[in-house]
Amino acid sequence: MYDLTIIAEFEAAHQLPDYPGKCCRLHGHNWKVEVTVYGHELNQLGMVMDFKELKAEVGKVIDNLDHYFLNDLPEFESVPPTAEHIAKYIYDTLAANPAFQHSIKVRSVQIWESPRSAVKYWPQG
Ligand SMILES: Nc1nc2c(c(=O)[nH]1)N=C([C@H](O)[C@H](O)COP(=O)(O)OP(=O)(O)OP(=O)(O)O)CN2
Ligand SMILES: [Zn+2]
């Protein structure tokens, strides 16, 4: 089995309305996103998947978040845009992509809100 990991970044603002501290105010982060996919079959190039292709698929999801006020997006209408919910949104969107439903699957999505704080999401089971 092979795990492939790529790192992407986006910039976005959010606020956590019920948060008992300064994060209830509008502020932004440079979010770092680590996506890990896995597979055991290698193609004729000796790759599970070209990093370039993986970055492109992740980039399509990140484009939905980049330079937005996350609270305004439909994805965060009923849940707050915490790192937990953002990680799950990226995971679920990638996992719904046919490119990741056969020999290559999404293992986890880790979101870094700052160099000292991260959340990793993967489904149970
Ligand atoms: N589990 C989570 N905890 C917090 C989240 C989150 O999404 N999941 N988010 C926040 C806020 O967004 C806040 O912006 C970040 O808080 P914090 O790490 O405290 O930010 P600082 O840059 O001030 O970090 P320091 O290390 O304290 O300087 C809060 N918690
Ligand atoms: Zn924040």
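What you're looking at is a predicted model, and the chain has a mean pLDDT of 97, with 100% of its residues at 70 or more. The model also scores ipTM 0.90 and pTM 0.96. Start with the sheet, move on to the helices, and then look at the positions that UniProt lists.

**The sheet**

- Four strands make up an open sheet, in the order β1-β2-β3-β4, with antiparallel pairing.
- At the edges sit β1 (2–14) and β4, each of which pairs on one side only.
- Neighbouring strands here are turned by 20 degrees against each other on average, if you ignore direction.
- As background, strands of a sheet pair through backbone hydrogen bonds, in either a parallel or an antiparallel way.
- Between β2 and β3, which run antiparallel, there are 7 bridges.
- To find this pairing in the picture, look for K32, whose bridge partner in β3 is W112.

- Strand β3 covers residues 105–114 and strand β4 covers residues 117–121, and the two pair antiparallel over 5 bridges.
- A handy pair to look for is V109 with Y121, its bridge partner in β4.

**The helices**

- α1 packs on the sheet, where it touches β1 and β2. The direction of α1 makes about 30 degrees with that of β1.
- α2 packs on the sheet too, touching β2, β3 and β4, and its direction makes about 150 degrees with that of β3.
- Which residues of α2 are buried? They are A83, I86, A87, Y89, I90, Y91 and L94.
- Those buried residues pack against β2 (27–39), α1 (51–62), β3 and β4.

**The listed binding site**

- Under "binding site", an unreviewed UniProt entry lists H14, H27 and H29.
- These positions are spread over 16 residues of sequence, yet they cluster in space, with a largest C-alpha distance of 8.2 Å.
- H14 is in strand β1. Is H14 buried or exposed? It counts as buried because it has 26 C-beta neighbours inside 10 Å, and the cut-off for that is 20 or more.
- Setting aside neighbours within four places in sequence, H14 is in contact with L70, N71 and P81.
- H27 belongs to strand β2. H27 has 11 C-beta neighbours inside 10 Å, so it counts as exposed.
- What does H27 touch, not counting residues up to four places away in sequence? The answer is A13 and Q15.

**The listed active site**

- The unreviewed UniProt entry also has an "active site" annotation, and that covers C23, H67 and E113.
- Where is H67? Look in the loop between α1 and α2.
- H67 is exposed because 10 other C-beta atoms lie within 10 Å of its own.
- Not counting residues up to four places away in sequence, H67 touches E11 and A12.
- The backbone at H67 deserves a look as well: its phi is near 60 degrees, a positive value in a residue other than glycine. For context, most residues other than glycine have a negative phi.
- E113 is in strand β3. E113 counts as partly exposed because it has 17 other C-beta atoms within 10 Å, a number between the cut-offs of 12 or fewer for exposed and 20 or more for buried.
- Leaving out residues up to four places away in sequence, E113 touches H29, W31 and A83. Of these, H29 is listed by UniProt under "binding site", while A83 is among the buried residues of α2.

Notes:
Residues numbered from 1 in each chain as written. Chains lettered and ligands numbered in written order. Predicted model: local features only at pLDDT ≥ 70, side-chain atom pairs only at ≥ 80, totals over all residues. Pairing = 2+ DSSP bridges. Contact = placed C-beta atoms within 7 Å. Axes fitted to C-alpha atoms, helices over the stretch in contact; angles between N-to-C directions. UniProt positions renumbered as here; feature names shortened; annotations may be inferred. pLDDT = per-residue confidence, 0-100.
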